Amino acid sequence: MRVDFYQLVRDPAEAVLPLLAHKTVSAGERKLVVSSDDAQLARISDGLWSRKESFLAHDRAGGPHDDRQPILLSDRAEAANGA
C-alpha cells in the first residue's frame, strides 16, 4: 500500500487532484480520495469529469461497484476499490 500526503498552500484540492489522479491511473494504479466535506467531494468529482484532456472515471463510495472504480471518492479511509 502507498499513502501520499500533499500540503496545498496555493491551489485548492479540487484544482490539483485531477492531475494527481491522472498520474495514478496512467500508472495502472487506483486512487482513494478521502474528505469529510461533501461539497468538496462534489467539486472534486466535477473536476474529474470535466478534465480538458479526458475525463477520469470515478464514483462516490457506497455504490454496488466500488471495487471496479479506478478512483473512489469517500468520507472514510476504506479503500473498497483496492487503492
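Is G28 buried or exposed? G28 is exposed, because its relative accessible area is 67% and the cut-off for exposed is over 50%. The legends below describe close-up views of a predicted model.

**View 1. G28 sits in the loop between α1 and β1.** β1 covers residues 31-34. The relative accessible area of G28 is 67%. P70 is 42 residues away from G28 along the chain. The C-alpha atoms of G28 and P70 are 8.8 Å apart.

**View 2. The largest nonpolar core has 9 residues.** Its members are L17, A21, V33, L41, I44, L48, L56, I71 and L73. Three elements each supply at least two residues of this core: α1 (13-26), α2 (38-49) and β3 (71-74). The largest share comes from α2, with 3 residues.

**View 3. L17 belongs to the largest nonpolar core.** Neighbours within four places in sequence are set aside here. Beyond them, L17 is in contact with V33 and I44.

**View 4. Helices α1 and α2 pack at an angle of about 45°.** Their axes are 9 Å apart. The angle makes α1 oblique to α2. The crossing of the two helices is right-handed.

**View 5. Residues from α1 and α2 make the contact between the helices.** From α1 come A13, E14, L17, P18 and A21. From α2 come Q40, R43, I44, G47 and L48. By type, the residues of this contact divide into 6 nonpolar, 2 polar and 2 charged.

**View 6. A42 lies in helix α2.** Its relative accessible area is 35%. A42 therefore counts as partly exposed, since that class lies between under 20% for buried and over 50% for exposed. L73 is 31 residues away from A42 along the chain. The C-alpha atoms of A42 and L73 are separated by 9.1 Å.

Terms used
Residues are numbered from 1 along each chain as its sequence is written. This is a predicted model: local features need pLDDT of at least 70, side-chain atom pairs count only at pLDDT 80 or more; totals for chains, interfaces and linings use all residues. Side-chain values use heavy atoms; hydrogens and water are left out. A nonpolar core is a set of buried Ala, Val, Leu, Ile, Met, Phe, Trp, Tyr and Cys residues joined through side-chain atoms within 4.5 Å. Buried means under 20% relative accessible area, exposed over 50%, partly exposed in between (1.4 Å probe, protein chains only). Helices (H or I, at least four residues) and strands (E, at least two) are DSSP runs, numbered from the N terminus. Contact means heavy atoms within 4.5 Å. Axes are lines fitted to C-alpha atoms, for helices over the stretch in contact, and angles run from 0 to 180 degrees between N-to-C directions. Angles under 35 degrees count as roughly parallel, over 145 as roughly antiparallel, 65 to 115 as roughly perpendicular and the rest as oblique. A crossing is left-handed if the near helix is turned anticlockwise from the far one by less than a right angle, and right-handed if clockwise. Ala, Val, Leu, Ile, Met, Phe, Trp, Tyr, Cys and Pro count as nonpolar, Asp, Glu, Lys and Arg as charged, and the others, Gly among them, as polar.
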